[in-house]
Amino acid sequence: MKTVTLSTLQAYKRAGETFSCLTAYDASFARAASDAGIEVLLVGDSLGMVLQGHDSTLPVTLDDICYHTRCAARGKGNSLLMVDLPFMSNTSQERLLQDAGELMRAGAEMIKVEGEAWMADGIRELTRRGVPVCAHLGLAPQTVHQLGGYKVQGRDAEQAERIAADARTLVEAGASVILLECVPASLGRAVREAVAAPVIGIGAGADVDGQILVMHDVLGVTHGRTPRFVKNFLAEADDIAGAFRRYHEDVKARRFPAAEHSF
Ligand code: KIV
Ligand code: NA
């Protein structure tokens with residue numbers, strides 16, 4: 001695989017080609033995912049749940065994410081390394097810029113931030129300084145206590161229109177990529193059509209530009225209830241490398257996600 005950059009993702013979008021993304025938290029799994037052709041690796045704050053055993057992403061600190069970013073960066077190969085901004089790193093513009101700077105120094109090549117239209121100013125300041133931003137909309141796990149659980153977002157027309165409008169606002173502010181979590185497939189399609197930036201989906205249906213899953217879900221080692229949009233690719237493969245290849249190939253061929261994984 002040639003080095004994946006933001007331009008690569010933009011070219012995929014223009015060509016109507018899809019790409020795959022997977023979370024990675026250390027060098028060995030990052031290497032395996034990159035070797036499988038997975039274009040984007042995310043050091044997600046989901047590490048609070050799948051690595052640390054918390055029941056939300058809120059306890060994850062900047063230092064935690066920096067540590068895992070340094071680890072994953074050493075194995076990322078030619079994949080693009082995206083990294084989550086942790087909960088409450090956006091309490092002020094200054095803190096946002098400093099914390100994003102720390103993540104970039106640790107090896108991030110793009111920063112993913114949760115937050116709706118009000119994040120526009122922060123996104124503008126980050127992109128001005130050369131930090132590419134992915135704006136995470138729909139189900140934003142850092143707001144779980146406000147949402148009252150991990151629930152599908154944008155089900156009614158008004159909510160759906162607000163999410164699409166937020167995507168437009170944040171792309172205008174400079175966001176290079178939009179990530180949509182847990183929304184109806186029809187809204188995934190609408191957002192993909194509404195913005196020129198690549199749209200990555202998780203539980204957002206097949207009609208977006210790229211797909212992402214949490215690595216533990218792909219390998220079937222998630223405990224507790226698994227959400228509708230995940231698939232255990234290890235169940236159909238001989239080993240972890242095979243599971244990652246299968247996930248990548250199924251995304252590229254638009255075999256995943258199927259209707260059964262969508263809302
Ligand atoms: O933290 C994470 O893994 C994420 C993905 C689920 C998109 O934000
Ligand atoms: Na996250």
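**Exercise 1. Which residue does the UniProt annotation "active site" cover, and where does that residue lie?**

Solution. 
- Start with the record. The UniProt annotation "active site", from an unreviewed entry, covers Glu181. UniProt positions are given in the numbering used here, feature names are shortened, and annotations may be inferred rather than shown by experiment.
- Note the model type and numbering. This is a predicted model: local features need pLDDT of at least 70, side-chain atom pairs count only at pLDDT 80 or more, and totals for chains, interfaces and linings use all residues. Residues are numbered from 1 along each chain as its sequence is written, while chains are lettered from A and ligands numbered from 1 in the order in which they are written.
- Glu181 is in strand 6 (residues 177-181). Helices (H or I, at least four residues) and strands (E, at least two) are DSSP runs, numbered from the N terminus.

**Exercise 2. Is Glu181 buried or exposed, and what does Glu181 touch?**

Solution. 
- Apply the cut-offs. A residue is buried if 20 or more other C-beta atoms lie within 10 Å of its own, exposed if 12 or fewer, and partly exposed in between; C-beta atoms are placed from the backbone.
- Read the count. Glu181 has 21 other C-beta atoms within 10 Å, so Glu181 is buried.
- List the contacts (C-beta atoms, placed from the backbone, within 7 Å). Not counting residues up to four places away in sequence, Glu181 touches His136, Gly138, Leu139, Ile202, Gly203 and Ala204.

**Exercise 3. Which residues surround ligand 1?**

Solution. 
- Use the distance rule: a residue is near a molecule if its C-beta atom, placed from the backbone, lies within 6 Å of it.
- Name the shell. Thr23, Leu42, Gly44, Asp45, Ser46, Asp84, Leu179, Glu181, Ile202, Ile212 and Val214 surround ligand 1.

**Exercise 4. Which residues does the "binding site" annotation cover, and why do they gather at one spot?**

Solution. 
- Take the positions from the unreviewed UniProt entry: Asp45, Ser46, Asp84 and Lys112.
- Compare sequence with space. They span 68 residues in sequence, yet no two of their C-alpha atoms are more than 12.5 Å apart, so they gather at one spot.
- Look at Asp84. Asp84 lies in strand 3 (residues 80-84). Asp84 is buried because 29 C-beta neighbours fall inside 10 Å. Leaving aside neighbours within four places in sequence, the contacts of Asp84 are Val43, Gly44, Asp45, Ile65 and Lys112.
- Look at Lys112. Lys112 belongs to strand 4 (residues 110-114). Lys112 is buried, with 23 other C-beta atoms within 10 Å. Beyond four places in sequence, the residues that Lys112 touches include Asp84, His136 and Leu179.

**Exercise 5. Which residues of the largest nonpolar core touch the most other members?**

Solution. 
- Define the core: a set of buried Ala, Val, Leu, Ile, Met, Phe, Trp, Tyr and Cys residues joined through C-beta atoms within 7 Å.
- Among the 80 residues of the largest nonpolar core, Leu41, Ile111 and Ile178 touch the most other members. Helix 8 (residues 157-173) gives the largest share of this core, five residues.
- Inspect Leu41. Leaving aside neighbours within four places in sequence, its contacts include Leu22, Ala72, Leu81 and Met82.

Terms used. Two residues are in contact if their C-beta atoms, placed from the backbone, lie within 7 Å.
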